[in-house]
Amino acid sequence: MANAELERLLEPDYLGDLQSRSIEDIRFMRDECRRAEDGLSYVRRQAQGRLDIVAAELQRRNEGKGPSDAADIVDQLPSILGHGVSTSGGILNVRTTSLEPPDDPGQLIIELEGILHESSLTGLGQITDDELRQLVDRLTEYERLVSDRRRKLHDRLDALQAEIVRRYKTGEVSVESLLK
C-alpha cells in the first residue's frame, strides 16, 4: 500500500457527499478502504510483535537477568507473543478480512523496518538497555501512528456501510441488485 494511496483515503473530503454517489461507487470505496485496512492491520501486528519482543528483553534485564542470546529469544517467543490471547469463551472482534500479509505492504513496513528490522530481533542481547528503551519508545510511537490511521479508516468504513444499509432500508437499493 503506497503512502499516497492511504493518504488519499484519509483525506477529509474522501467521503464527500455519499448520498449523491452511486451504490457501485460506495461499494468500491468500501472495498478500497478494506484493502488499506488489511495492510494497516498487518503492519500494526508486525509493530506490536516487535514491540512485545523488545519490551520482554527489557523486562528480563530489569529483573536482573542478563541479555538474551538468539536461542533465548526464540525460546521465549510463544510466551511473549501469546500474552493476552484468550481462546476460551471470548469473542475476538477483528475487522480485517484477511490475516495474510498484503501483496504490497508498502512504505509503512519500510518505515517499521527502519526502526527495527525483523532480522535484528535475535540480536537484541547485543544492544544496551538505553537502546532497548529507545526502541520501545520508537515502536510504541509507530504503533500508535498506524493505529490512528487504522481508526480513521474504520470511521470511513462505518460511514460507507451505514450509507449502504440506509439505502437498503429505504428501498433505494434492493437485495436483487447484488445478484446482477
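Which residues in helix H4 (residues 106–115) are buried? They are Gly106, Leu108, Ile109, Leu112 and Ile115. Bear in mind that this is a predicted model.

As for what sits across from them, the buried residues of H4 pack against helix H1 (3–10), H2 and helix H5 (129–170).

## The nonpolar core

Now for the inside of the fold. The largest nonpolar core has 40 residues, and Val54, Leu124, Tyr142 and Leu153 have the most contacts inside it. Two or more residues come from each of H1, H2, H3, H4 and H5, with H2 giving the most at 14 residues. As a general point, nonpolar side chains tend to be buried together in soluble globular proteins.

Val54 is a handy place to start looking around. Setting aside its neighbours within four places in sequence, Val54 is in contact with Leu116, Leu124, Leu132, Leu135, Val136 and Leu139. One of these partners, Leu124, is itself listed among the residues with the most contacts inside the core.

## A cavity

The structure holds one cavity of 30 Å³ or more, and the space in the largest cavity comes to about 30 Å³. Around it you'll find Ile53, Ala56, Glu57, Ser68, Ile73, Gln76 and Ile80.

Helix H2 (23–62) and helix H3 (70–82) each supply at least two residues of that lining.

## Salt bridges

The count of salt bridges comes to 16. Take Arg44 and Glu143, whose closest N and O atoms are 2.9 Å apart. Arg44 is in helix H2 and Glu143 in helix H5, so this pair ties together parts that are 99 residues apart in sequence. Arg44 is partly exposed, at 23% relative accessible area, while Glu143 counts as buried at 14%.

Arg60 and Asp72 also meet through their side chains in a salt bridge, at 3.6 Å from N to O. Here Arg60 lies in helix H2 and Asp72 in helix H3, so the parts tied together are 12 residues apart in sequence. Asp72 is partly exposed, with 24% relative accessibility. Then there's Glu63 with Lys65, where the closest N and O atoms are 3.4 Å apart. Glu63 is partly exposed at 47%, and Lys65 is partly exposed at 45%. Finally, Glu163, Arg166, Arg167 and Glu172 link up in a network of salt bridges.

How values were computed:
Residues numbered from 1 in each chain as written. Predicted model: local features only at pLDDT ≥ 70, side-chain atom pairs only at ≥ 80, totals over all residues. Heavy atoms only, no water. 1 Å grid on protein atoms, 1.4 Å probe; cavity = no way out; pocket = protein on both sides within 12 Å on 5 of 7 lines; lining within 4 Å. Points joined across faces, edges and corners; volume = space filled by probe spheres on them. Helix = DSSP H or I, 4+ residues; strand = E, 2+ residues; numbered from the N terminus. Buried < 20%, exposed > 50% of the residue type's maximum accessible area, 1.4 Å probe, protein only. Contact = heavy atoms within 4.5 Å. Core = buried A, V, L, I, M, F, W, Y, C linked by side-chain atoms within 4.5 Å. Salt bridge = Lys/Arg side-chain N within 4 Å of Asp/Glu carboxyl O.
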